[in-house]
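Q: Please take a close look at one helix and its surroundings, and explain the terms along the way.

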Amino acid sequence: MVVRQWSESQVDRVFRALADATRRDIVRRTMAGGANVTELAADYAMSFAAVQKHIAVLEGAGLVTKQRRGRERVVRGDVEALRRVHGLLDDLDLVWQGRIDRLDALLPTDPSTSDPTTLAPTASPLDATDPTTTDPTTT
């Protein structure tokens, strides 16, 4: 099961990193091939330093790697890390589908065949009328 491949803190770092649209875009842009930090920064309305911080968050989560190539820093998306994220989401989907299936098994599918005494609405304090007040439409 993929969940056991990462610690809870690693899972938190991954989802925190992917929660930001700029970081998701950086991952997307670096998956097909590397991109240098200057190229990445040119497409965002933020400072170079801000883009470097986004890349550092992605590196900390293990979603990208940054390598020195001469004077450039090349950022590459980690395909295997994204496969693990996909597997984790698949595992979580199975858990929730199982819960939904168990709920479906407990609930009747056709309301006309269900026992009306078990589905009767309960009285709400807001439904009670005060006998001391009069209805303005009847006076």
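A: Asp25 and Arg28 both sit in helix α2, three residues apart, which is about one turn of the helix. Helices here are DSSP runs of H or I with at least four residues, strands are runs of E with at least two, and both are numbered from the N terminus. Asp25 and Arg28 form a salt bridge, with 2.5 Å between the closest N and O atoms. A salt bridge is a side-chain nitrogen of Lys or Arg within 4 Å of a carboxyl oxygen of Asp or Glu.

The model is predicted: local features need pLDDT of at least 70, side-chain atom pairs count only at pLDDT 80 or more, and totals for chains, interfaces and linings use all residues. Residues are numbered from 1 along each chain as its sequence is written, and side-chain values use heavy atoms, with hydrogens and water left out.

Asp25 is partly exposed, at 21% relative accessible area, whereas Arg28 is exposed, at 54%. Buried means under 20% relative accessible area, exposed means over 50%, and partly exposed lies in between (1.4 Å probe, protein chains only).

Another salt bridge joins Arg29 to Asp43, with the closest N and O atoms 2.8 Å apart. Arg29 belongs to helix α2 and Asp43 to the loop between α3 (37-42) and α4, so this pair ties together parts that are 14 residues apart in sequence. Asp43 is exposed, with a relative accessible area of 55%, while Arg29 is partly exposed at 22%. The structure holds four salt bridges.

Helix α2 (residues 21-31) also meets helix α4 (residues 48-60): their axes come within 10 Å and cross at roughly 75 degrees. That makes α2 roughly perpendicular to α4. On the α2 side the contact is made by Thr22, Arg23, Ile26 and Val27, and on the α4 side by Val51, His54, Ile55, Val57 and Leu58. Contact means heavy atoms within 4.5 Å. The axes are lines fitted to C-alpha atoms, for helices over the stretch in contact, and angles run from 0 to 180 degrees between N-to-C directions. Angles under 35 degrees count as roughly parallel, over 145 as roughly antiparallel, 65 to 115 as roughly perpendicular and the rest as oblique.

Thr22 lies in helix α2 and counts as buried, with 16% relative accessibility. Leaving aside residues up to four places away in sequence, Thr22 touches Tyr44, Met46 and His54.
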